[in-house]
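Subject: Structure handover

Hello,

Please find the structure below. My notes on it follow.

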Amino acid sequence: MNAADLYSGTKWDSDDEADEDESPSDFKARVEAISAGVLRIIAFNDDDPNPEESSKDAFLARPPALGLSQKQVQSLRKFDAASGVLARDSKRVFEMLRSRMTRQCVSCDGASTITALADALDAERAAGVASKLPTWYKFSDQSFGPRRLGLRDCSARGCFRIETETLKMKRCAQCAVPHYCGKEHQAEDWRLRHKHVCAKAKHDRDSLNKASEMLNFYSSRSEGPQGSPNDRMPGGCPQQ
């Protein structure tokens, strides 16, 4: 078991596993049959500017609501309200949409449903401008490896907190993989899951950082891949 697998799709108390024989096309067909165009909305778009130093100007000038039309946002609501949607499909659409929104720094703290995410998109559309970045946000000048790309979410199961002006997630000080909104969720996640993968996650991240340092060196990047130590949980996770 590795941390990347453990922390993919972690928002619910339990996860519905897809059929092992199911192909990606099966998921796509089911979603499109319910609400056409949803997959194009939730998937990362090549036109989305990256929230990093090299594309800072383009990112700051990004359109509100991911550039989506009212009709496109409505298609998200249609999918969420449709009957017969598999729970795992709904969760996957939610996770994919929220991932795109947080990478584009759309304010959606606490949103736990697709409809709530659509509400956040509509709020940006009504404002006519993209969400304001937290004053503490710093664009990464790295090109490779672990780095900040947008707003982070709490890794604890059942928590839907997203970074805001007053909330900056803290990382595990040992492996720097999961992020938490506070010590309570850090301790709970350690007890339930993270203690089983922390050491392996640190080893994997260290290996990735070494490769990233070389790539960033040759791309003339200067900042180290670990980021500021101030975004770590004080003391880190408990020792095993």
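Helices and strands in these notes are DSSP runs numbered from the N terminus, with helices being H or I of at least four residues and strands being E of at least two. The model is predicted, so local features need pLDDT of at least 70 and side-chain atom pairs count only at pLDDT 80 or more, while totals for chains, interfaces and linings use all residues. Residues are numbered from 1 along each chain as its sequence is written, and side-chain values use heavy atoms, with hydrogens and water left out.

Overall make-up

The protein chain has nine helices and two strands, in the order α-α-α-α-α-α-α-β-β-α-α along the sequence. Of its 240 residues, 41% count as buried (buried is under 20% relative accessible area, exposed over 50% and partly exposed in between, with a 1.4 Å probe and protein chains only). Among contacts (heavy atoms within 4.5 Å) with a separation of 6 or more, 74% join residues 24 or more positions apart.

Cores

A nonpolar core here is a set of buried Ala, Val, Leu, Ile, Met, Phe, Trp, Tyr and Cys residues joined through side-chain atoms within 4.5 Å. The largest one has 32 residues, and Leu76, Val93, Met101 and Leu121 touch the most other members. At least two residues of this core come from each of helix 2 (24-34), helix 3 (38-42), helix 5 (70-81), helix 6 (87-103) and helix 7 (114-127). Helix 7 contributes the most, with five residues. Beyond its neighbours within four places in sequence, Leu76 contacts Val38, Ile41, Ile42, Leu97, Ile114 and Leu121. Another core, of six residues, lies apart from the largest one and includes Cys154, Cys159, Leu167 and Tyr180.

Helix packing

Two packed helices are described by the angle between their axes and the distance between the axes. The axes are lines fitted to C-alpha atoms, for helices over the stretch in contact, and the angles run from 0 to 180 degrees between N-to-C directions.

Helix 5 and helix 7 have axes 9 Å apart and pack at an angle of about 165 degrees. They are therefore roughly antiparallel (angles under 35 degrees count as roughly parallel, over 145 as roughly antiparallel, 65 to 115 as roughly perpendicular and the rest as oblique). From helix 5, Gln70, Val73, Leu76, Arg77, Phe79 and Asp80 meet Ile114, Thr115, Ala118, Asp119, Leu121, Asp122 and Arg125 of helix 7. By type, the residues of this contact are six nonpolar, two polar and five charged (nonpolar: Ala, Val, Leu, Ile, Met, Phe, Trp, Tyr, Cys and Pro; charged: Asp, Glu, Lys and Arg; polar: the others, Gly among them).

Helix 2 and helix 6 cross at roughly 90 degrees, and their axes come within 11 Å. That makes the two helices roughly perpendicular to each other. Phe27, Arg30 and Val31 of helix 2 make the contact with Arg88, Asp89, Arg92, Val93 and Met96 of helix 6. Here the division is four nonpolar, no polar and four charged.

Backbone

Most residues other than glycine have a negative phi, and most peptide bonds are trans. Cys105, which is not a glycine, has a positive phi of about 60 degrees. Cys105 is in the loop between helix 6 and helix 7 and is buried, with a relative accessible area of 2%. Ala176 also has a positive phi, near 60 degrees. Where is Ala176 found? Ala176 lies in the loop between strand 1 (170-171) and strand 2 (179-180), and this residue is buried, with a relative accessible area of 2%.

Regards
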